[in-house]
Amino acid sequence: MSAEAQTEQKTSRSRPNSLADLPFRLEVFMEPKGFIRAIEFVLAICMFATTAGYNSMFSFLNNCKNETGHETYSVKVNYTFGYPFSFTAPIVVPCFEVGPIEESPSGAAKFFVAVGVLGMLYAIAALVWYVVLEARYLKYEIVSIVDFIATCVFTLLFFIASCAWAAGVTTVKFWTTLDDLTKDGSILEECNTALTDCISEKTASYSSLNISILFGFLNVLVWAGNVWFVWKETPWFRSRAESQTGANLGDNKV
C-alpha cells in the first residue's frame, strides 16, 4: 500500500462518520428538553427586547385663552417616554403649571427585563451543558437536580414578572393618554377650564408593550411545560420509575 493510501485511510478513520461520532451531541435538539430550551432562548430575547427597546411619544395642542375666552396663543406639547418608564421628566405646558407624574412602573419594567435576560443566559448555559458536557459527566446527577430546580424557579419568576409588568403597562397607558390625564384630579385637569383647553394630536403606540406581555406569559407556559421533561432526567424520577417497575414485576409473579 502506498504512503498516500495509508495517509488517506488514517484521515478517513479520524473523520467522524455521523453525529454520534462528534465530540458534542447535536441530536439533543431533537429531544424535548433541548428543543424546548432553544424555544425558551428565543422567547426570552423577544420578551426583554420588546420592553427594553420601547420608545414612544404623545402630543397635544394647548390653547391658552384670556379672561374673555378668546384664544391668545397655541403651543404644541410633546412628551417622549420609554424604558425604564421612570417618568422623571415633567410634562411642560405653557398655560398652567403641571404637577409631577405620581406613579412609575420602572421597578416592574426592570424586573421584567432582568428575568428575561437571566432566562436567556440560563437557556444558553443549559444548551451548552446538554450539547457539549452532559455525555462526559453523566455521573454528576446533581446537575440534573439543579436544572430541574432552576426550571421551576424561572417558571415562577416569569409568572410574577409578567403579572407585575401587565399592571405596569396599564400604568404606562394611563399616564401617557391625554383623556386620562385631563380627568378631574389628574395632572392636566386644568385643560377643562375656561382659560385653556388641550386637543390631542398624536397618541402613543403600545403595540410593543402588549406584545411583551404576551411573550412573558408564553415564557411561563413553555418553561412550565419543560418542567416535566427536566424532571424525567433527575435521579428522583428514575428511582421512582424503577421502584414502580419492581412492584409491577412482583405483582406479576404472584
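Colleague: Where is the place of phenylalanine 85?

Modeller: Phenylalanine 85 is in the loop between β2 and α3; helices (H or I, at least four residues) and strands (E, at least two) are DSSP runs, numbered from the N terminus. This is a predicted model, in which local features need pLDDT of at least 70 and side-chain atom pairs count only at pLDDT 80 or more, while totals for chains, interfaces and linings use all residues. Residues are numbered from 1 along each chain as its sequence is written, and side-chain values use heavy atoms, with hydrogens and water left out.

Colleague: Is phenylalanine 85 buried or exposed?

Modeller: Buried means under 20% relative accessible area, exposed over 50%, and partly exposed in between (1.4 Å probe, protein chains only). Phenylalanine 85 has 1% relative accessibility and therefore counts as buried. Its phi is near 60°, a positive value in a residue other than glycine. Phenylalanine 87, in the loop between β2 and α3, also has a positive phi, of about 55°, and is buried at 8% relative accessibility.

Colleague: Which residues are joined by a cis peptide bond?

Modeller: Tyrosine 83 and proline 84 are joined in this way, with omega about 10°. Proline 84 belongs to the loop between β2 (71-82) and α3.

Colleague: With which residues is serine 106 in contact, leaving aside its neighbours within four places in sequence?

Modeller: Contact means heavy atoms within 4.5 Å. On that basis serine 106 touches Pro84, Phe85 and Ser86. Serine 106 is in helix α3 (residues 106-133) and is buried, at a relative accessible area of 10%.

Colleague: How is the packing of α2 and α6 described?

Modeller: Two packed helices are described by the angle between their axes and the distance between the axes. Axes are lines fitted to C-alpha atoms, for helices over the stretch in contact, and angles run from 0 to 180 degrees between N-to-C directions. Helix α2 (residues 32-52) and helix α6 (residues 207-231) pack at about 160°, with axes 9 Å apart. They are therefore roughly antiparallel, since angles under 35 degrees count as roughly parallel, over 145 as roughly antiparallel, 65 to 115 as roughly perpendicular and the rest as oblique.

Colleague: Which residues of α6 are buried?

Modeller: Among them are Leu209, Phe215, Trp223 and Trp231. The contact with α2 includes Phe215 and Trp223 of α6, and Leu43 and Met47 of α2.
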